[in-house]
Amino acid sequence: MKITKIETFRVAVPLIKPFKTALRTVTIADSVYVKITCENGIVGWGEAPPTLVITGDSLKSIEASIHEVFKPYLLSKSILQLELLLQGIQQILVGNVSAKAAIDMALYDCFSQYCKLPLYQLLGGYNNTLETDYTVSVNDPVEMGEDAMSYVKQGFNVLKIKVGKDEIQTDINRIIEIRRRVGSEIKLRLDANQGWSPKEAVVAIRKMEDLGLNIELVEQPVKADDIQGLKKVTDSVDTLIMADEAVFTPQQAFEVLKTRSADLINIKLMKSGGIYRAQIINHLAEVSGMECMVGSMIETKLGITAAAHFAASKKNITRYDFDAPLMLARDIVDGGVQYDGRNIILSKQFGLGINHILVHEKENVG
């Protein structure tokens, strides 16, 4: 079952409301879609959003990686040599993890269709439904409180709160206001997106602990490369600390696990370079006794579908951050995962279950 064609095209979907973090503000979800066609007619899909401040990938670099490197390598090869292909795309190009992730997704989509299984069953089949949190963008405390209350009214009982953009007292005020609005039963997770120094993180988290704000976890409080600082925060507070930007590779995961620099790891396909290496990271964490979350960038339902299939397949993945499609003004993917409020239902269709992409052919770039 040889690969006969690899195409890419760009998509751009407006967000309902600007998405703000300590690192960036996003108003449009840009992505490169990848379509792999096999000689028997099977078609696999993948997605790569550009996230310059995190992965370093742009639309042009993603397209160049796919057309100039991965396409020549993959064309005429058999999808049944999946291990060879997945290792090959990691080895023939350094970095470019989002482009790798898109190709990886499409290869897994093709292979699981050939095996006549939904991808989550091929990967392990642990769950077929998930519950996502919903993210509150960083704004002034009153607006964040209003947003949080709105999401709770929509049925979400886990909120991910963006902080780290201003002085720590402002962040604390944000959480006080949100907790006041949503009450004590709603689970709150904080994401500082590298916005604090280790000392600031310890001070902020301890103050929130003293105030009884009941924070479940704090994600990536310090700079991605400051593993020593991450460990200092983890060792100094009672609240769970999650590594995100600090872990792109299995090697980085191993370092965090070996030093116990965090309590949890957030795996994203756009950081790991796809499902293949995401599984390695999760297995390393599992044997080390550490649970994982699977999260995402600002992606459409295509990329989230692949991430959800991976997350649903594994027992050790216990938290899910898959709200990005709910932030978009429209859905351009026919098929894939379906949302029922905070619940995500995986299709019984083979592969990722993508039926059609609702975009214009003129957006095709190769």
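Is Asp-244 buried or exposed? Select Asp-244 and you will find it buried, at 0% relative accessibility (buried means under 20% relative accessible area, exposed over 50%, with a 1.4 Å probe and protein chains only).

Before going further, note that this is a predicted model, in which local features need pLDDT of at least 70, side-chain atom pairs count only at pLDDT 80 or more, and totals for chains, interfaces and linings use all residues. Residues are numbered from 1 along each chain as its sequence is written, and side-chain values use heavy atoms, with hydrogens and water left out.

Stay on Asp-244: it sits in the loop between strand E9 (240-243) and helix H9 (250-259) (DSSP runs numbered from the N terminus, helices being H or I of at least four residues and strands E of at least two). Leaving aside neighbours within four places in sequence, Asp-244 is in contact with Glu-219, Gln-220, Asn-266, Lys-268 and Lys-271 (contact means heavy atoms within 4.5 Å).

Next, select Glu-219, located in strand E8 (residues 215-219). Glu-219 counts as buried, at 1% relative accessibility. Not counting residues up to four places away in sequence, Glu-219 touches several residues, among them Leu-190, Asp-191, Met-242 and Asp-244. Show side chains here: that of Glu-219 makes a polar contact with that of Lys-160 (3.2 Å) (N or O atoms within 3.5 Å, one able to donate a hydrogen and the other to accept it; residues adjacent in sequence count only if both atoms are side-chain atoms).
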